[in-house]
Amino acid sequence: MKLNKILGFLGVLTLLVVSFSFANFHSSMTKVDYNEANGVLKFTTKMSATDLGQALKMDPKGSAFENAAKAYVSSNISVSVNGSPIKLSYTGGQVNGEAVWVYYEASKVSSINTIQIRNTIMLKDFPSQMNLVNIAYKGKQKTMTFQRGKETNEVSF
């Protein structure tokens, strides 16, 4: 378990170092938490407002931006648990300075043996885009990375 945390931390640290090293580096980060008490997988995705605005071809400060961000994430994230697709429901979002936060969840998830995620957030818009997903499940943490050519990833618990 400590090794997974160390690897996750190193992955995030590498992502941050690289993002400061290259002016054209683009990234998103998603945290997935499992609530065992109610069987809900909660997703929190953070993206650059500037990058998302460019991908959506709209001003991040505009009134329609939050709904466009919701639709964008819905069409660029898909999840399967134990080989079965699950429905993601939007629960909220906000633009906070240079960051866009989008919240969504899946209910009725009783247990996870495998989780497969397809994450294409801004991959077609930015060649250097890298998406990082951290999953916390029953005391274990797994990290996935996504980039052009590697849009789908799967981990086992």
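Predicted model: local features only at pLDDT ≥ 70, side-chain atom pairs only at ≥ 80, totals over all residues.

User: What pattern of helices and strands does the protein chain follow?

Analyst: There are three helices and 10 strands in the protein chain, and read along the sequence they follow the pattern α-β-β-α-α-β-β-β-β-β-β-β-β.

User: What makes a residue count as buried, and what percentage of the protein chain is buried?

Analyst: A residue is called buried because its relative accessible area is under 20%, and buried residues make up 37% of the 157 residues in the protein chain. The protein chain exposes about 8,700 Å², of which carbon and sulfur atoms supply 53%.

User: Why is the space in this structure called a cavity?

Analyst: The word applies because a 1.4 Å probe fits at its points but cannot get out, and a search of the whole structure finds one cavity of 30 Å³ or more. About 30 Å³ of space lies in this largest cavity.

User: How do you know which residues line the largest cavity?

Analyst: Lining residues have an atom within 4 Å of a cavity point, and those of the largest cavity include Glu-66, Lys-70, Tyr-90, Gln-94 and Trp-101. The elements that give two or more residues to this lining are α3 (65-76), β5 (89-96) and β6 (99-106), with the largest share, four residues, coming from β5.

User: What makes up the lining of the largest cavity in terms of nonpolar, polar and charged residues?

Analyst: The lining divides into six nonpolar, two polar and two charged residues. Glu and Lys count as charged, so Glu-66 and Lys-70 are the charged residues of the lining.

Definitions and conventions: Residues numbered from 1 in each chain as written. Heavy atoms only, no water. 1 Å grid on protein atoms, 1.4 Å probe; cavity = no way out; pocket = protein on both sides within 12 Å on 5 of 7 lines; lining within 4 Å. Points joined across faces, edges and corners; volume = space filled by probe spheres on them. Buried < 20%, exposed > 50% of the residue type's maximum accessible area, 1.4 Å probe, protein only. Areas by Shrake-Rupley, 256 points an atom, 1.4 Å probe, with all protein chains shown as cover.
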